[in-house]
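I looked up the strand pairing, then the salt bridges, then the backbone angles.

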Amino acid sequence: MAGALRRFVPLFDRVLVQKAEAVTKTSSGILIPEKSVAKVLTGKVMAVGEGARSESGKVIPPAVSVGDEVMLPEFGGTKITLDEKDYYLFRDSEILAKMKSE
């Protein structure tokens, strides 16, 4: 992990996600035009905040943890650039699903 990413700690129920790369080349080497490339709606969790707080002050832990593969909404998230790489900051409640490893 890079230095800036290692020092980055999201607050409350925020989750830092690195979106998966879109496939722009087929297995046989043919390049796919940008307009034909589908949006990537999955990503890997890179950092997680400690969790949201309830009205009574208790911490509600996030549903995801670092290293999880998650499904993201089509729109939303705050774009952050760390060490010349793009990451997105989402609230824990905005993440649609967590992919289980087989």
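I count two strands as paired if DSSP finds at least two bridges between them. The model is a predicted one.

**Entry 1, the sheet.** I began with strand E1, residues 14-19, and looked for its partners. Five bridges connect E1 with strand E2, residues 42-48, and the two run antiparallel. In this pair I noted lysine 19, whose bridge partner in E2 is glycine 43.

I then looked at the pairing of E1 with strand E7, residues 85-91. Four bridges link these two, again in antiparallel fashion. I looked up two positions here. Valine 15 sits opposite phenylalanine 90 of E7, and valine 17 is opposite tyrosine 88 of E7.

Next I traced the order of the whole sheet. I read it as E6-E7-E1-E2-E5-E8, six strands in an open sheet with antiparallel pairing. Which strands are at the edges? They are E6 (78-82) and E8, each of which pairs on one side only.

Side chains of opposite charge can pair when their charged atoms come close. I applied a cut-off of within 4 Å between a side-chain nitrogen of Lys or Arg and a carboxyl oxygen of Asp or Glu. How many salt bridges does this rule give? The count is five.

I looked at aspartate 68 and lysine 98, whose side chains form a salt bridge at 3.9 Å, N to O. Aspartate 68 is in the loop between strands E4 (59-60) and E5 (69-71), and lysine 98 is in strand E8 (residues 97-99), so this pair ties together parts that are 30 residues apart in sequence. Are the two partners buried or exposed? Aspartate 68 has a relative accessible area of 17% and is buried, because buried means under 20%. Lysine 98, at 46%, is partly exposed.

I then checked arginine 53 and glutamate 50. They form a salt bridge, and their closest N and O atoms are 3.0 Å apart. Arginine 53 has a relative accessible area of 47%, which makes it partly exposed.

Lysine 79 and aspartate 86 also form a salt bridge, with 3.5 Å between the closest N and O atoms. Aspartate 86 is partly exposed, its relative accessible area being 35%. I also looked for shared partners, and found that Asp13, Arg14 and Arg91 are joined into one network by salt bridges of that kind.

I looked for positive phi at residues other than glycine and wrote down two. Where does phenylalanine 12 lie? It lies in the loop between helix H1 (3-7) and E1. Phenylalanine 12 has a positive phi of about 50 degrees, although it is not a glycine. Its relative accessibility is 45%, so I list phenylalanine 12 as partly exposed.

The other residue I wrote down is aspartate 83, in the loop between E6 and E7. Aspartate 83 is not a glycine either, yet its phi is positive, at about 50 degrees. With a relative accessible area of 42%, aspartate 83 is partly exposed.

Conventions
Residues numbered from 1 in each chain as written. Predicted model: local features only at pLDDT ≥ 70, side-chain atom pairs only at ≥ 80, totals over all residues. Heavy atoms only, no water. Buried < 20%, exposed > 50% of the residue type's maximum accessible area, 1.4 Å probe, protein only.
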